[in-house]
Amino acid sequence: MINKQKLWFLTLFSLILVLGVYYVTMPTDLLEKVKVELENNKDEAVIEEVIEESPLTAMRVSLEEERQEAMDVLQEQLTNDKLTSEEKNNAYEELKYLNELQGKEESIEKKLKKEFDLDCFTKIDNKNISVICVSNEHDANLANKIMRIIQNDYKDRMDITVKFQKK
């Protein structure tokens, strides 16, 4: 059975996640308006250019939105009085599983960044792991090394796909 403390934690975690996604996807129009105002007000102002979002960021946001929708449905199930405790426990376990997946994906991305200095996007779906790396070089040896590093974290055999995308 889920207690009030766990329910509050899940509610606040989802709120923080939604706000994080909102700020990541905030339109660049606001930043451009600030840039124009600074140019008009100060002649000697140093202004940094707005960097275009990478395709990896777009993929991350898309995955976050999918997961957030699934988490919202699961949280509604947790707060529904008409469901049995077994159904609520299943929803809680699924929610916990989604959080674990997200943590594993982030750890793989950090490991690849540290090991190979590559910006990567990782998506785990059951026993399938898809990795998309931004690199001008498409190297089969590098892809093999990436697959081995990821497989070392798992006891079971995983289907790992590595794709390279140009900068």
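## Notes on the predicted model

1. Let's start with a loop residue. M158 sits in the loop that runs between helix 5 and strand 3. Keep in mind that this is a predicted model. Is M158 buried or exposed? M158 is buried, at 6% relative accessibility, because the cut-off for buried is under 20%. Leaving aside residues up to four places away in sequence, M158 touches N126, K127, I129 and Q151.

2. Now the overall layout. The protein chain has five helices and three strands, and going from the N terminus the order reads α-α-α-α-β-β-α-β. Of the 167 residues in the protein chain, 27% are buried. If you take the contacts with a separation of 6 or more, 61% of them involve residues 24 or more positions apart. The protein chain exposes about 12200 Å², and 51% of that comes from carbon and sulfur atoms.

3. The largest nonpolar core counts 18 residues, and I129, V131, I146 and I150 have the most contacts inside it. Five elements supply at least two residues each: helix 4 (85–116), strand 1 (119–125), strand 2 (128–134), helix 5 (140–151) and strand 3 (159–165). Which element gives the largest share of this core? That is helix 5, with four residues. A further core lies apart from this one; it has nine residues, including I2, M71, L74 and L98.

4. I150 deserves a look of its own. Not counting residues up to four places away in sequence, I150 touches I108, L112, I129, V131 and I160.

5. A word on the cysteines. C120 is buried at 2% relative accessibility, and C133 is buried too, with a relative accessible area of 0%. How many disulfides does the model have? The count is zero.

6. On to charges. Side chains of opposite charge can pair when their charged atoms come close. Across the whole structure, a search turns up seven salt bridges. One of them joins R60 and E109 through their side chains, at 3.5 Å from N to O. R60 is in helix 3 (residues 55–79) and E109 is in helix 4, so this pair ties together parts 49 residues apart in sequence. R60 is partly exposed, with a relative accessible area of 31%, whereas E109 counts as buried at 15%.

7. E105 and R67 form a salt bridge whose closest N and O atoms are 2.8 Å apart. Because E105 lies in helix 4 and R67 in helix 3, the pair ties together parts 38 residues apart in sequence. Both partners are buried: E105 has a relative accessible area of 4%, and R67 has 9%.

8. Another pair brings us back to the loop of point 1. The side chains of D153 and K111 meet in a salt bridge, 2.8 Å from N to O. D153 is in the loop between helix 5 and strand 3, K111 is in helix 4, and the pair links distant parts of the chain, 42 residues apart. D153 is partly exposed at 42% relative accessible area, and K111 is partly exposed at 31%. Finally, K113, D117 and D119 belong to one network, joined by salt bridges that share partners.

Key: Residues numbered from 1 in each chain as written. Predicted model: local features only at pLDDT ≥ 70, side-chain atom pairs only at ≥ 80, totals over all residues. Heavy atoms only, no water. Core = buried A, V, L, I, M, F, W, Y, C linked by side-chain atoms within 4.5 Å. Buried < 20%, exposed > 50% of the residue type's maximum accessible area, 1.4 Å probe, protein only. Contact = heavy atoms within 4.5 Å. Disulfide = S-S within 2.5 Å. Areas by Shrake-Rupley, 256 points an atom, 1.4 Å probe, with all protein chains shown as cover. Salt bridge = Lys/Arg side-chain N within 4 Å of Asp/Glu carboxyl O.
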